[in-house]
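Dear colleague,

Please find below the structure I am handing over to you, together with its sequence. I would be grateful if you could look through it before reading my notes.

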Amino acid sequence: MLIEKNAPLRDYNTFGIVAKAQTLVRITSEADLAQLCADPVLGPQPKFVLGGGSNVVLTGDVRPVVLKVEVMGKRLLAETDKAWIVEAGGGESWHGLVQWTLAQGYPGLENMALIPGTVGAAPVQNIGAYGVELQDRFESLDAVDLSTGQSFTLDAAQCAFGYRDSVFKHLAAQPGDFGLSGRALITRVRLRLPKPWKPEMGYLDLERKRQERNVDVPTPLHIYEWICEIRRSKLPDPAVIGNAGSFFKNPTVSPEQCADIIAREPRIVHYPMADGSIKLAAGWLIDACGWKGKSIGNAGVYDKQALVLVNRGGVTGGEVVTLARAIQTSVYERFGIRLEPEPVVI
Ligand code: EPU
């Protein structure tokens, strides 16, 4: 267990916000966590789990003990007629895992290529892109209860996955509730990659690539390359322009609400969901309010995708929050829709 005082966090959040952790502990194993929980000073203190920092806005120095997850390792756990089961440490890079599985010949994660962040953070918000969500490939995970140091395993049902949602984003309102927000650290994730592999080509952007490239039957590597191209063309690379991916969730409305909005805004981008609700494109709503390319202080709205807030140089967490609130207000005033942020503000 490595403990650092006044540790700079700038390189540990993809927005590139300058802030410090009063105490940062690097966690490389379950044993580190057991030691931390038993520590008379650190054990009882509030804790904040940091993965790849791709879903966090730091509004100042972080007082809770920052746990930097560095549990590593990738392996094939089992292969059956129906699937490859792979396991990865929570500290591994998500994109690195996607590349590794493809190189080993275990396809299935290609639609989720280039999503920033770590393997351990992936289940927290049930990451997803281009028709595949983590829950579609999830087998189980190991986590540690931060109040006791005890390890436990959860299956998909226990993770209670939803759209950019899981049990790890909910607080337990009363004893017996199954909210794990702030209470657990994910050490290892196991994924089930189904056989035979089938391409997921449901997104128009992917179908366009297939036609452009004149490919009849795409391979996993084709899809991987097309996804990387599509994402690079509309999402900023956090290594170059600080950002936290989509800043808001796509909101859902009832068919009646949607009909009402369409009557006023016929061009609104909307998708019917399996449960009868309608999902609206938050990027379109923000764009329609004229925010694309605009800034407040050093926080900006990306000029190719209005759902992404960016660091225009030296941004503070406060500026990001001010811009996000201004966007929420204008979308609410024009459409009557409340946008919900994706990242954790701390
Ligand atoms: N749009 C605009 N203007 C904009 C942005 C978008 O008109 O400035 C329109 C687009 O033309 C399109 C629609 O809105 O018709 C949707 O845009 P896009 O296809 O870029 O996807 P999204 O709904 O904005 C979601 C995820 C992304 C994921 C993509 C592809 C959320 C919050 N975001 O974005 O996930 O990569 O679909 O599956 O669900 C992330 O969560 O960080 C993320 C990047």
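This is a predicted model: local features need pLDDT of at least 70, side-chain atom pairs count only at pLDDT 80 or more; totals for chains, interfaces and linings use all residues.

The ligand site

The shell around the ligand consists of 24 residues, of which Tyr130, Tyr163, Asp287, Gln305 and Ala306 come nearest. By type, the shell divides into 11 nonpolar, 6 polar and 7 charged residues.

For tyrosine 163 the distance is 2.6 Å, for glutamine 305 it is 2.9 Å, and for glutamate 342 it is 3.0 Å. On its own, the ligand has 830 Å² of accessible area, and the protein covers 81% of this.

Four elements each supply at least two residues of the shell: strand E8 (128–129), helix H5 (220–234), strand E13 (243–246) and helix H7 (282–288). Helix H7 gives the most, with 3 residues.

A strand pair

Strand E6 (residues 74–79) and strand E7 (residues 83–89) run antiparallel and are joined by 5 bridges. The two strands form a hairpin, with 3 residues between them. Within this pair, leucine 76 of the model stands opposite valine 86 in E7.

Backbone features

The peptide bond from lysine 195 to proline 196 is cis, and its omega is near -10°. Proline 196 is found in the loop between strand E12 (184–194) and helix H4 (204–212).

Asparagine 6, which lies in strand E1 (residues 2–8), has a positive phi near 50°. Asparagine 126 also has a positive phi, of about 45°, and lies in the loop between helix H2 (94–104) and strand E8. Is asparagine 126 buried or exposed? Its relative accessibility is 0%, and a residue under 20% counts as buried, so asparagine 126 is buried.

With kind regards

Methods: Residues are numbered from 1 along each chain as its sequence is written. Side-chain values use heavy atoms; hydrogens and water are left out. A residue is near a molecule or strand if one of its heavy atoms lies within 4 Å of it. A polar contact is a pair of N or O atoms within 3.5 Å; within protein, one must be able to donate a hydrogen and the other to accept it, and residues adjacent in sequence count only if both atoms are side-chain atoms. Accessible areas come from the Shrake-Rupley method with a 1.4 Å probe; for residues, only the protein chains shown count as cover. Ala, Val, Leu, Ile, Met, Phe, Trp, Tyr, Cys and Pro count as nonpolar, Asp, Glu, Lys and Arg as charged, and the others, Gly among them, as polar. Two strands pair if DSSP finds at least two bridges between them. Buried means under 20% relative accessible area, exposed over 50%, partly exposed in between (1.4 Å probe, protein chains only).
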